[in-house]
Amino acid sequence: MMLYATGLRRAELTHLKVTDIDSQRMVIHVRGGKGRKDRDVMLSPKLLDELRQHWQRLRKKPSVWLFPGQKNHCGDQPIDTKTVWHACREAAKRAGIRKNLHPHTLRHCFATHLLEAGADLRIIQTLLGHSDLEETTIYLHLSEQRLHATASPLDSLQLMDRSAQDQ
């Protein structure tokens, strides 16, 4: 859920700290993403609610890592990136998805669904932490829905009737 809601990379997810969740501003602060860059991503109200429920389920509350590793999720190290990979595979199985699903697939879906909902490509670029817009376009298929919903600039022009022009 966290990957799809934020577009985070697997390593970025594992290195989130409890203090990175800013429920006042409704953002998640990503520290040292790819290229050692920091950025903020949106914090969905649904995700915040799920994170709060997750917190309540933990017997021992973590002091640093949002998702601590080791048994009972109480270690002083973050969970391993492989744990995220396995969790995605298991979630796909439970959902009846037969295709291979990877954490990066959820990042791709995040970007594609934002685009289809009308989000600006520059905003998506910022959320994904890309320095170059060309990096962002690689993630995004031009969906049939978006293609058919796009009008030609010609359609917005007021053209004179040819018969009236000939007179």
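**Figure 1. Helix α4 gives the most to the lining of the largest pocket, with seven residues.** This is a predicted model, in which local features need pLDDT of at least 70 and side-chain atom pairs count only at pLDDT 80 or more, while totals for chains, interfaces and linings use all residues. Residues are numbered from 1 along each chain as its sequence is written, and side-chain values use heavy atoms, with hydrogens and water left out. The largest pocket has a volume of about 760 Å³, a volume being the space filled by probe spheres set on grid points that are joined across faces, edges and corners. Of the 25 residues that line this pocket, Met 1, Met 2, Leu 13, Phe 67 and Ala 87 are the closest to its centre. A pocket here is an open set of points on a 1 Å grid over the protein atoms alone, where a 1.4 Å probe fits, with protein on both sides within 12 Å along at least five of seven lines, and lining residues have an atom within 4 Å of a point. At least two lining residues come from each of α1, α3 (45-57) and α4 (81-94). The lining divides into 19 nonpolar, three polar and three charged residues, where Ala, Val, Leu, Ile, Met, Phe, Trp, Tyr, Cys and Pro count as nonpolar, Asp, Glu, Lys and Arg as charged, and the others, Gly among them, as polar.

**Figure 2. Thr 6 lies in helix α1, which spans residues 2-6.** Helices (H or I, at least four residues) are DSSP runs numbered from the N terminus, as are strands (E, at least two). Thr 6 has a relative accessible area of 0% and is therefore buried, a term for values under 20%, with exposed over 50% and partly exposed in between (1.4 Å probe, protein chains only). Leaving aside residues up to four places away in sequence, Thr 6 touches Ile 28, Val 41, Met 42, Leu 47 and Phe 110, contact meaning heavy atoms within 4.5 Å. The side chain of Thr 6 also reaches the backbone oxygen of Met 2 at 2.6 Å.

**Figure 3. Cys 88 and Cys 109 are shown with their accessibility.** Cys 88 is buried because its relative accessible area is 7%, whereas Cys 109, at 24%, counts as partly exposed. With a disulfide taken as a pair of cysteine sulfur atoms within 2.5 Å, the count comes to zero.

**Figure 4. The chain holds nine helices and three strands.** Along the sequence, these elements follow the pattern α-α-β-β-β-α-α-α-α-α-α-α. Of the 167 residues of the chain, 34% count as buried.

Note on methods. Polar contact = N/O pair within 3.5 Å; in protein donor to acceptor, adjacent residues only side chain to side chain.
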